[in-house]
Amino acid sequence: MAATSGKIVQNVFVSQSHCYYQQSRQFNSHSERACFAPYMRNSLPSPPGKLPWTSNTSMQLRNFSKPNNDFIIRRNIQCNASASATAVPYLNKTDFLRLQNGSDIRGVAVDGVEGEPVNLTEPVAEAIAAGFAAWLLEKKKADASQNLRVSIGHDSRISAKLLQNAISRGLAGAGLEVVQYGLASTPAMFNSTLTKNEAFLCPVDGSIMITASHLPFNRNGFKFFTNAGGLGKTDIKDILERAADIYNQFTAESLANSERKASSSIKKVDYMNVYTSDLVKAVRKAAGGLEKPLDGFHIVVDAGNGAGGFFAEKVLEPLGAITSGSQFLEPDGLFPNHIPNPEDKTAMKAITKAVLENKADLGIIFDTDVDRSAAVDFSGREFNRNRLIALMAAIVLEEHPGTTIVTDSVTSDGLTTFIENKLGGKHHRFKRGYKNVIDEAIRLNSVGEESHLAIETSGHGALKENHWLDDGAYLMVKILNKLASARASGIHGGSKILTELIEGLQEPAFSIELRLKINQNHPDLKGGSFREYGETVLKQLEKSIGSDPNLRKAPVNYEGVRVSGYGGWFLLRLSLHDPVLPLNIEAPSNDDAVKLGLAVLAAVKDFAGLDISALDKFLKSP
């Protein structure tokens, strides 16, 4: 390497079972080595072999060679070789605020998908952790005598361990005590802020979960918790702004110092044993103290190769359940079998098939980080979306008659009728976004309206009794409680008991979601934001509905424009984060759905910046 080039080629060797760096380079001076040393950890692995799936089937994927399950990536890292030992290696310019995804942080952590450059690097993660540390110290009003403690967990993604180490360095460098949990679930991470057990270094003052939920292998991100719950959008923006400042002030000394502090202060704890033990206790309590209340029940689990494989061995089996036929329990961050997502049709077909082939009583499926879930009964009938909400509402309303059930905006009219007329509860349809739904339930309780359940059609569900944590495993425990308590009372029939709980739920014959994209570069936006343009579209739709006698605008609505007509309904709303107007239609027939779609088309067809091709295709389909 020429002394004047200032370029270092780094070969990073990654094994599936462990990662280590193998640099092939020559240093021309002590200062060049000092410049590079703190940054030798900057690269995240690219995936081996064929990629099993992405969120966009049209993505053009690069070709990879895969020698014996190991793979090599090469990175060019710029370094000012003439600088002093305090010089920082070249850090890519990063727009930290673009990493915000509502109340989470999301980014691209791994190369491999064309058009998706890595923006969640280890230095970026380290800065975000330091930003969280500064935020936490301020919120807790901690002084120099207090040692705040933060737990870190991750799902099965291939970038998880490297990001975990980067997060650890950022926290340790800020003077916080770091506790690594390794493979964990998002709900467990929040629980660690509540558990009182010093043997497991609990409670912690803050917690970070490394996950990107059901997104493809190349993505990753962070969720943050204190004992008050998950952080909100304002908090995340604050942390990212702090992180940007910290990132721009990194020095070789500061990076090396955080490395030293992390290596001497990190502790490791198997907290998942504590979390799963609490789940087991909850089911036993519901069954009147029986040791094995699920004895003889055959329950299969599909973890989608995410973090939820523990549920079969650590929860169901101690309760006496048979779990043979469970599948995809092993963590695999390439998700080779199906998307770990209870809303995905392929995923639901997989768990349904497992239930039927094994003649199981019940099937349970989780998303990657176990904050969402769904179930399947003995006959293959799915309990997800509106059915899961109906089932949970039935269980909760037995315990708390008349309580308010808070849901997201895309729930069906039939669900409202079921909750209010059949179950005697109140349905409060709010906005999309699990944090929105949870916060609304908390708000209702604060003003005197009792609510015990906040749940989305996505499978996010939170109960007041469980600290308003959206916990997919706890939702399934509530279902198991129903099975166990019924058996303890001498009622048999397996999961048929659950099926009977949602008898009378009216379900639409036709349901569809279409996504109308806003072209942010179109002249029709006149330099404005996609959000402003979307609001203009919604106002025009609202105006046009008033002139159609067959349509009626929902009297109470918190998001977008919801309209009833032709025996069904539609909702056009603005996406929480993306330049998209999702359109949901439910109707008693395809013809009725088309009539609703035509009403939308008449209102929006003149907006040149709106891509209505998806709606056109639906209306023209036979």
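## The loop around Leu215

Leu215 is found in the loop between strand E8 (206–210) and strand E9 (219–226). The model you are looking at is a predicted one, so please read every value here as computed from that prediction. With a relative accessibility of 17%, Leu215 counts as buried, because the cut-off for that class is under 20%. In sequence, Leu215 and Thr368 are 153 residues apart, yet their C-alpha atoms are 8.8 Å apart in space.

Ser213 belongs to this loop between E8 and E9 as well. Ser213 has a positive phi of about 55° although it is not a glycine. Its relative accessible area is 5%, so Ser213 is buried.

The peptide bond that joins Cys202 and Pro203 is cis, with omega at about 5°. Leu201 is found in the loop between H4 and E8 too. Leu201 is not a glycine, but its phi is positive, at about 60°. Leu201 has a relative accessible area of 14% and is therefore buried.

Where does Asn341 sit? Asn341 is in the loop between helix H8 (310–316) and helix H9 (345–357). At 8% relative accessibility, this asparagine counts as buried.

Once neighbours within four places in sequence are set aside, Asn341 is in contact with His214, Ala347, Phe366, Asp367 and Arg372.

## Aromatic pairs

How many aromatic pairs does a search of the whole structure find? The search gives 13. One of them is Phe132 with Trp135: the ring centres are 5.9 Å apart and the planes are at 15°, so this pair is stacked. The two residues are three apart in helix H2 (residues 122–139), which means that about one helical turn separates Phe132 and Trp135. Phe132 has 0% relative accessibility and so counts as buried. Trp135, at a relative accessible area of 4%, is buried too.

A second example is the pair of Phe430 and Tyr558, with 5.0 Å from centre to centre and 55° between the planes, which makes it tilted. This pair links distant parts of the chain, its two residues being 128 residues apart. Phe430 lies in the loop between strand E17 (426–429) and helix H12 (434–446), while Tyr558 lies in the loop between strand E21 (552–553) and strand E22 (561–565). Phe430 is buried, with a relative accessible area of 10%, whereas Tyr558 is partly exposed at 37%.

Another ring to look at is that of Trp569. The charged end of Arg562 sits over this ring, 3.7 Å from its centre.

## Helices H16 and H17

Now to a pair of helices. Two packed helices are described by the angle between their axes and the distance between the axes. Helix H16 (residues 590–604) packs with helix H17 (residues 613–620) at an angle of about 145°, and their axes are 10 Å apart. The crossing in which H16 passes H17 is left-handed.

Which residues make the contact? On H16 they are Asn590, Ala593, Val594, Gly597, Leu598, Val600 and Leu601, and on H17 they are Leu615, Asp616, Phe618 and Leu619. Sorted by class, the contact of H16 with H17 has eight nonpolar, two polar and one charged residues.

## The chain as a whole

For the overall picture, the secondary structure of the chain comes to 17 helices and 25 strands. The chain has 622 residues, of which 57% count as buried. Among the contacts in the chain with a separation of 6 or more, 70% come from residues 24 or more positions apart.

Key. Residues are numbered from 1 along each chain as its sequence is written. This is a predicted model: local features need pLDDT of at least 70, side-chain atom pairs count only at pLDDT 80 or more; totals for chains, interfaces and linings use all residues. Side-chain values use heavy atoms; hydrogens and water are left out. Rings of Phe, Tyr and Trp (its six-membered ring) pair if their centres lie within 6.5 Å; planes under 30 degrees apart count as stacked, over 60 as edge-to-face and the rest as tilted. Helices (H or I, at least four residues) and strands (E, at least two) are DSSP runs, numbered from the N terminus. Buried means under 20% relative accessible area, exposed over 50%, partly exposed in between (1.4 Å probe, protein chains only). A charge sits over a ring if NZ of Lys or CZ of Arg is within 6 Å of the ring centre and within 35 degrees of the ring normal. Axes are lines fitted to C-alpha atoms, for helices over the stretch in contact, and angles run from 0 to 180 degrees between N-to-C directions. A crossing is left-handed if the near helix is turned anticlockwise from the far one by less than a right angle, and right-handed if clockwise. Contact means heavy atoms within 4.5 Å. Ala, Val, Leu, Ile, Met, Phe, Trp, Tyr, Cys and Pro count as nonpolar, Asp, Glu, Lys and Arg as charged, and the others, Gly among them, as polar.
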